[in-house]
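Here is a colleague's note to read beside the structure. Please keep the model open while going through the points.

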Amino acid sequence: MSEPTPPATGTTSGAEPARREGTAIARQSSAAPATTAPGKRSSWLPGPAQGFGVTFATMFKKVTTESYPEVPKQTKPRYHGRHVLNRHPDGLEKCVGCELCAWACPADAIYVEGGDNTEDARFSPGERYGAVYQINYLRCIFCGLCIEACPTRSLTMSNDFELADDDRQALIYTKEQLMAPLLPGMEQPPHPMRLGEDEQDYYVRAPQPGSGAEPVIGERA
Ligand code: SF4
Ligand code: SF4
């Protein structure tokens with residue numbers, strides 16, 4: 001006949017097992033509220049009066065009224081709104097159709113198809129341009145990862161937040177909708193490069209005085 005196995009929580013040994021100590025501590029803490037005096041109210045007012053106090057205090061606060069859309073709301077300067085595809089100072093497009101923005105997008109909201117520039121039809125400096133560009137604002141979460149990924153600073157975000165529509169198709173913005181408007185001195189592409197001999201003059205080399213070209217790499221202003 002074998003000897004009886006001592007109970008796991010037995011107290012025959014001199015040292016208390018760690019598990020047993022833990023149990024004792026837990027029992028002590030759970031029993032603590034029962035031995036303490038009931039808590040006192042933080043206010044002498046009855047409960048319903050304390051609740052309505054919040055209501056009454058709010059009634060006398062200054063009311064903030066937004067008159068939108070009659071008065072457009074001013075966003076913070078760095079608000080992430082509708083995207084813009086920017087241009088070089090001569091009107092050529094900064095987008096080179098590399099698709100890095102589409103790969104960076106966590107919501108799969110961007111669709112890009114690159115095209116080849118030719119000497120007869122040039123839309124951007126260099127070899128390639130964004131022939132098809134779409135952003136689906138039903139998917140976009142305005143995180144800004146796409147503009148961080150863009151190597152030419154073609155893609156930026158504006159402060160325009162008025163993107164609601166009752167037509168799903170209308171919320172897929174095309175390249176024509178996203179392109180920045182032509183400013184004075186710009187020319188509607190396609191046209192030859194006006195600011196240098198090759199794309200290095202647009203992207204790398206310092207602009208010639210008076211040329212209006214601007215370096216793009218490293219620009220984060
Ligand atoms: S802001 Fe974010 S979700 Fe919207 S298109 Fe850019 S990467 Fe995609
Ligand atoms: S917007 Fe920028 S990242 Fe996107 S395809 Fe054009 S150049 Fe590439």
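The numbered points below go from the overall fold to the ligands and then to local details.

1. Ground rules. This is a predicted model, in which local features need pLDDT of at least 70, side-chain atom pairs count only at pLDDT 80 or more, and totals for chains, interfaces and linings use all residues. Residues are numbered from 1 along each chain as its sequence is written, while chains are lettered from A and ligands numbered from 1 in the order in which they are written.

2. Overall make-up. The protein chain has six helices and five strands. Helices (H or I, at least four residues) and strands (E, at least two) are DSSP runs, numbered from the N terminus. Along the sequence the pattern reads α-α-β-α-β-β-α-β-β-α-α.

3. Of the 221 residues in the protein chain, 15% are buried. A residue is buried with 20 or more other C-beta atoms within 10 Å of its own, exposed with 12 or fewer, and partly exposed in between; C-beta atoms are placed from the backbone. Contact means that two such C-beta atoms lie within 7 Å. Among contacts between residues at least 6 apart in sequence, 67% join residues at least 24 apart.

4. The sheet. Three strands form an open sheet in the order β2-β3-β5, with antiparallel pairing. Its edge strands are β2 and β5, each pairing on one side only. From one strand to the next the twist averages 20°; axes are lines fitted to C-alpha atoms, for helices over the stretch in contact, and angles run from 0 to 180 degrees between N-to-C directions. Strands count as paired if DSSP finds at least two bridges between them.

5. Strand β2 (residues 110–116) pairs with strand β3 (residues 128–136) over seven bridges. Glu113 stands opposite Val132 in β3, and Asp116 has Arg128 as its bridge partner there. On the other pairing, β3 meets strand β5 (residues 172–174) over three bridges. Here Asn136 has Ile172 as its bridge partner.

6. Ligand 1. Which residues are closest to ligand 1? They are Cys105, Ala107, Cys140, Cys143 and Cys146, in a shell of 13 residues. A residue is near a molecule if its C-beta atom, placed from the backbone, lies within 6 Å of it. The shell divides into 12 nonpolar, one polar and no charged residues. Ala, Val, Leu, Ile, Met, Phe, Trp, Tyr, Cys and Pro count as nonpolar, Asp, Glu, Lys and Arg as charged, and the others, Gly among them, as polar.

7. Ligand 2. Ligand 2 is surrounded by 14 residues, the closest being Cys95, Cys98, Cys101, Cys150 and Leu155. This shell has nine nonpolar, four polar and one charged residues.

8. The core. The largest nonpolar core has 16 residues. Such a core is a set of buried Ala, Val, Leu, Ile, Met, Phe, Trp, Tyr and Cys residues joined through C-beta atoms within 7 Å. Those with the most contacts inside it are Cys95, Cys101, Cys105, Ala109, Ile110, Cys146 and Leu155. Leu155 touches His83, Leu85, Cys101, Cys146, Ile147 and Cys150, leaving out residues up to four places away in sequence.

9. Gly126. This residue is found in the loop between β2 and β3. Gly126 counts as partly exposed because 17 C-beta neighbours lie inside 10 Å. Beyond four places in sequence, Gly126 is in contact with Val96, Asn117 and Glu199. Gly126 and Asp198 are 72 residues apart along the chain, yet their C-alpha atoms are separated by 6.9 Å.

10. Backbone points to check. Most residues other than glycine have a negative phi, and most peptide bonds are trans. The peptide bond from Tyr68 to Pro69 is cis, with omega near 10°. Pro189 and Pro190 are also joined by a cis bond, with omega about 5°. Pro190 is found in the loop between α5 and α6. Glu99 is not a glycine but has a positive phi of about 75°. Phe142, in the loop between β3 and α4 (145–149), has a positive phi near 60°.
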